[in-house]
Amino acid sequence: MRRRRLLFSLLLVAAAGLGTAAVPPPGATGATARAATPLNQVIPAPASVHGGGDAVTLGAHTPIRVPGGSGEARKIAGRLAGLLRPATGFGFPVTTKDGRDGIVLRLGGRGTGGLGAEGYRLTSAGRTVTLSAARPAGLFHGVQTLRQLLPVDGQQGARRGPWRIAGGTITDAPRYAYRGAMLDVSRHFFTVAQVKRYIDQLAMYKINKLHLHLSDDQGWRIAIKSWPRLATYGGSTQVGGGPGGYYTKDDYREIVRYAADRYLTVVPEIDMPGHTNAALASYAELNCNGQAPPLYTGTKVGFSSLCVPKQVTYDFVDDVIRELAALTPGRYLHIGGDEAHSTSHADYVAFMDKVQPVVAKYGKTVIGWHQLTGAHPVKGAVAQYWGYDKTGTAERTQVADAARNGTRLILSPADRAYLDMKYDRNTPLGLSWAGYVDVKRSYDWDPGRYLDGAPAGSVLGVEAPLWTETLSTTAHIEYMAFPRLPGIAELGWSPADSHDWDGYKVRLAAQGPRWDALGINYYRSPDVPWPGK
């Protein structure tokens, strides 16, 4: 019963993001006949927009059509109907019959071959809004665009309208294949329900990777059968000394499933050889001196290290990667590798030389923080750059050299993309070691030209990390992620030539009422012209 009540509540909340409106009576004027949202006023900015023609009005008898009856398309149509029904009061029946009215979700067919795995086309004309895509992920992303084109009403439950979609065509596909967000669940633990809420928010902006930082000095968050104390003891606390927590394998599978239903792939991270105090405290034999340190609940970094010369270290690594890889259907597995200040350079290189093949052994592609480029990245490895504008030339050159030699890059510059950096000196949450990161700064950079010397083609994508030393609630997560997260999502999705802060901030301001309706706790940046400001 509790699950049923929760599901109903979530549907109502999600539907609020679509608006609480209904079609006005014929001839309605004034506020009830307001103009449809222009097709180019969404986030991320579409690759191509051609407006024109009359708007399509959704009414009490509008169907959602799935010609051909694809199971994936029907599932997406059912989710769309579940969002629309409570917001409008309309039935929105889902049917496999073709027709000349309604919302049509079309998978495959003429004109979709060039859309790729995640692209879509939205056509609004006559009595029909048609979403076409070559693959299900494209249809899902198209639905997110459709949601933003529907009105938001400030009075939830009022069901005013009109529910109209502007005429024209959007043809859209992502700039980068990897568009990620990282959630640190190690410094502070977040429940499955909290992670799911964040997944829903990421999906709204076409993010397709959820990077989970599952281990650190302050907590180990995933059950490993062959080393059970990692979770039961190493996961028992968090920053500040709270009770901590961990995910059982079934919990983790549920997160993976939930994300996959929203076309996000989970990228798990086990940080090593540093950031390992929770593991070292759980098993004395992982320490070079054979003595387990106490659990750690502070926020310092760089003091811990696995014992590189010991064979048991690699038995441990093999077991952890094997079990985690078996739980993870996605292609990537992140092995960390940053801030290993207690590991000598020679030991670091030796460690990475032994661990990277273990990841490949279990069928995954290795990702490491960009310090991996100071070792020997294996063929196909991905380095995640988290330096910033003032990072030393030698370090940036090292990363660029690796990129020229075939290492792919994910860009997460700390003074641009780290969502835990304070907006300004008065921000009550977050850190400032990389400086203050206001909304404009987080948006105003080009991933393709950010790292001098790195070929533009080496950039796999972007990611917005959210570290949680100071964050312990969902409200905290949302306050730091919004409004910066949509900007990083746009950098990953939209063409470089669409980048324009003055236009973006207007589109961003229009998201505010949606977040209000969804109950998202966001920072009202003074740089954004929020409605009513």
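Reader: Which polar atom lies 3.0 Å from the backbone nitrogen of Gly-448?

Author: One from the side chain of Asp-446. This is a predicted model, and the distance is computed from its atoms. The side chain of Asp-446 also makes a polar contact with the side chain of Arg-175, at 3.0 Å.

Reader: Where is Asp-446 placed?

Author: In the loop between helix H12 (439–443) and strand E19 (459–466).

Reader: Next, the disulfide. How many are there by the distance rule?

Author: The count comes to one. Cys-288 and Cys-307 form it, with sulfur atoms 2.0 Å apart. The link of Cys-288 and Cys-307 is right-handed, with 100° about the S-S bond.

Reader: What does the pair tie together?

Author: Both cysteines lie in the loop between helix H7 (277–282) and H8, so the link joins parts that are 19 residues apart in sequence.

Reader: Is Cys-288 buried or exposed?

Author: Exposed, because its relative accessibility is 56% and the cut-off is over 50%. Cys-307 counts as buried, at 3%.

Reader: Now helices. What is the general idea behind reading their faces?

Author: An α-helix has 3.6 residues a turn, so residues three or four places apart point the same way.

Reader: Which residues of H2 are buried?

Author: Among them are Ala-73, Ile-76, Ala-77, Leu-80, Ala-81, Leu-84 and Thr-88. Gly-82, Leu-83 and Ala-87 are buried too.

Reader: What span should H2 have at 1.5 Å a residue?

Author: Helix H2 (residues 71–88) has 18 residues and should span 26 Å. Its end C-alpha atoms are 25 Å apart, which agrees.

Reader: What is found at the two ends of H2?

Author: At the start, a side-chain oxygen of Ser-70 reaches to within 3.4 Å of the backbone nitrogen of Glu-72. Just after H2, Gly-89 takes a positive phi of about 85°.

Reader: Why is H8 described as largely enclosed by the rest of the structure?

Author: Because twelve of its 17 residues are buried. They include Phe-316, Val-320, Ile-321 and Leu-324. Asp-318, Asp-319 and Glu-323 are also buried in H8. The helix reaches 25 Å from its first C-alpha to its last, close to the expected 24 Å.

Reader: Which members of the largest nonpolar core touch the most other members?

Author: Trp-220, Ile-222 and Phe-316, out of 141 residues. Helix H8 (residues 311–327) gives the largest share of this core, eight residues. Another core, of nine residues, lies apart from it and includes Met-182 and Trp-369.

Reader: How is empty space found?

Author: Rolling a probe the size of a water molecule over the atoms shows where empty space is left. Here, the second largest pocket has a volume of about 460 Å³. Of its 20 lining residues, the closest to its centre are Glu-118, Ala-137, Lys-209, Tyr-263 and Thr-265. H2, helix H3 (136–149) and helix H6 (249–261) each give two or more residues to the lining.

Reader: Last, the backbone. Which peptide bonds are cis?

Author: One joins Ile-43 and Pro-44, with omega about 0°. Another runs from Phe-482 to Pro-483, with omega near 20°. Pro-483 is in the loop between helix H13 (474–481) and helix H14 (484–493).

Reader: Which residues other than glycine have a positive phi?

Author: Phe-92 is one, with phi near 40°. Phe-92 is buried, at 0% relative accessible area. Lys-206 is another, with phi near 65°. Lys-206 counts as buried at 1% relative accessibility.

How values were computed
Residues are numbered from 1 along each chain as its sequence is written. This is a predicted model: local features need pLDDT of at least 70, side-chain atom pairs count only at pLDDT 80 or more; totals for chains, interfaces and linings use all residues. Side-chain values use heavy atoms; hydrogens and water are left out. A nonpolar core is a set of buried Ala, Val, Leu, Ile, Met, Phe, Trp, Tyr and Cys residues joined through side-chain atoms within 4.5 Å. Buried means under 20% relative accessible area, exposed over 50%, partly exposed in between (1.4 Å probe, protein chains only). Helices (H or I, at least four residues) and strands (E, at least two) are DSSP runs, numbered from the N terminus. A disulfide is a pair of cysteine sulfur atoms within 2.5 Å. The expected span of a helix is 1.5 Å times one less than its number of residues. A polar contact is a pair of N or O atoms within 3.5 Å; within protein, one must be able to donate a hydrogen and the other to accept it, and residues adjacent in sequence count only if both atoms are side-chain atoms. On a 1 Å grid over the protein atoms alone, a cavity is a set of points where a 1.4 Å probe fits but cannot get out, and a pocket is an open set with protein on both sides within 12 Å along at least five of seven lines; lining residues have an atom within 4 Å of a point. Grid points are joined across faces, edges and corners, and a volume is the space filled by probe spheres set on the points.
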